Amino acid sequence: MTKQWWLAALLGLISVMQAQAAEEVVVYSARIEKLIKPIFDAYTKETGVRIKAVTGKEGPLMERLKAEGAKTPADILLTVDAGNLWQAAQQGLLAMVDSKILNDNIPAHLRDPDGQWYGLSVRARTIIYNTKKVQPGELSTYEDLGNQKWSKRLCLRSSKKVYNQSLVAMMIARHGAARTEAVVKSWVGNLAAPVFSDDEDLIKAIAAGQCDVGIVNSYYVGRFKKTDPKLPVALFWPNQQDSGVHVNISGAGVTRHAKHPDAALKLLEWLSSDKAQKLFAGANLEFPANPGVQSDPLMAAWGAFKHDDINVSEAGKRQAEAVMLMDRAGYK
Ligand code: FE
């Protein structure tokens with residue numbers, strides 16, 4: 001065989017390897033395998049592009065991405081809470097992308113103004129109540145949960161959870177620090193029990209009548225209701241006359257050192273499309289971020305609601321301030 005033949009064969013092999021390499025996207029995902037695998041499988045089926053998902057807790061995944069630097073195999077970081085995505089952007093882990101498809105599909109307040117991350121599903125952190133002890137007409141706003149009438153009737157999850165840090169950060173963005181601190185203090189004054197370590201225990205406590213009202217993410221209620229439709233707990237959409245329900249996102253961004261940035265962007269764009277949005281939001285009983293896509297019937301039955309349209313990036317920007325404020329207010 002001639003030298004030329006070897007060279008041609010080698011070049012051929014390299015181009016095949018490149019083509020194969022281009023057909024894989026590596027996703028670092030803080031969403032568990034069970035929630036993302038069916039969606040990624042649907043994408044592979046449709047496009048032939050393989051997706052390698054590395055799942056883990058958001059903190060360690062972001063640390064890993066940082067430690068790997070330019071050598072990272074990750075093309076996309078997928079996680080929950082705008083507070084986390086904002087941190088990732090602040091740490092320089094994400095790339096700015098400009099995509100008409102993403103900008104058209106995802107409302108401006110659910111994505112980073114610089115295009116470093118995009119919301120893919122919406123989660124509502126809303127009021128819940130024990131249906132045997134509270135009439136929905138007695139409820140109105142988050143702020144009102146500090147009213148005397150809820151004395152020793154309110155339960156909250158720990159302020160250590162990013163969900164509550166984001167809730168309070170968004171309240172600061174809306175009301176300013178002084179009013180927000182007064183509200184948080186009034187909540188603490190109404191607590192029926194020490195703060196809970198997770199939303200599920202809080203829902204159980206409300207169902208058991210240990211407390212009458214609380215604040216949780218709606219998908220946890222969805223999970224309980226799926227297994228026990230008679231559970232005496234219902235959702236209430238607060239602040240419908242003013243700021244709207246506090247929402248957060250799960251979302252994703254292309255990493256700064258992505259090896260397949262074009263394929264990564266294509267996947268993100270697909271995730272914002274009608275078909276993927278239904279799968280992505282429905283998998284965790286969340287709401288689609290794309291407002292043109294209908295919710296899963298279980299959530300649609302909870303009724304339409306107005307949600308806060310302040311950009312969710314405020315949850316990240318004001319996170320440190322929120323943590324200090326909650327500490328001052330005695331919110332453990
Ligand atoms: Fe959660």
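How are the donor residues of the iron ion spaced in sequence? The spacing is Y-x55-Y-Y. This is a predicted model, and the values below are computed from it.

**The iron site**

Three tyrosines coordinate the iron ion through their OH atoms: Tyr163, Tyr219 and Tyr220. The distances run from 2.0 to 2.1 Å. Tyr163 sits in helix H6 (residues 162-175), while Tyr220 belongs to helix H9 (residues 218-227). The pair therefore ties together parts that are 57 residues apart in sequence.

**Two domains**

The chain splits into two domains. Domain 1 covers 22-122 + 247-294. Domain 2 covers 123-246 + 312-328. Their C-alpha centres lie 27 Å apart.

How much area is buried between domain 1 and domain 2? The figure is about 1,700 Å². Carbon and sulfur atoms give 59% of that area. On the domain 1 side, Trp86, Val247 and Leu285 supply 36% of the area buried against domain 2, more than any other three residues.

In terms of contacts, 22 residues of domain 1 meet 19 residues of domain 2. The rule finds 8 residue pairs in polar contact across this interface, both residues being at pLDDT 80 or more. Which elements give two or more residues to the side of domain 1 that touches domain 2? They are helix H4 (82-90), strand S4 (118-130) and strand S8 (246-254). H4 gives the most, with 5 residues. By class, this side of domain 1 has 11 nonpolar, 8 polar and 3 charged residues.

**Salt bridges**

Side chains of opposite charge can pair when their charged atoms come close. By the rule used here, the model has 21 salt bridges. Across the interface of domain 1 and domain 2, the rule finds 1. Two of the salt bridges are listed here.

| Glu286 | Arg123 | 2.5 Å |

How values were computed:
Residues are numbered from 1 along each chain as its sequence is written. This is a predicted model: local features need pLDDT of at least 70, side-chain atom pairs count only at pLDDT 80 or more; totals for chains, interfaces and linings use all residues. Side-chain values use heavy atoms; hydrogens and water are left out. Domain bounds come from an automatic or database domain assignment. Contact means heavy atoms within 4.5 Å. Buried area is the accessible area (1.4 Å probe) that two parts lose on being put together, summed over both. A salt bridge is a side-chain nitrogen of Lys or Arg within 4 Å of a carboxyl oxygen of Asp or Glu. A polar contact is a pair of N or O atoms within 3.5 Å; within protein, one must be able to donate a hydrogen and the other to accept it, and residues adjacent in sequence count only if both atoms are side-chain atoms. Helices (H or I, at least four residues) and strands (E, at least two) are DSSP runs, numbered from the N terminus. Ala, Val, Leu, Ile, Met, Phe, Trp, Tyr, Cys and Pro count as nonpolar, Asp, Glu, Lys and Arg as charged, and the others, Gly among them, as polar. Donors are N, O and S atoms within 2.8 Å of the metal (3.2 Å for Na, K and Ca); water is not among the atoms, so sites may look incomplete.
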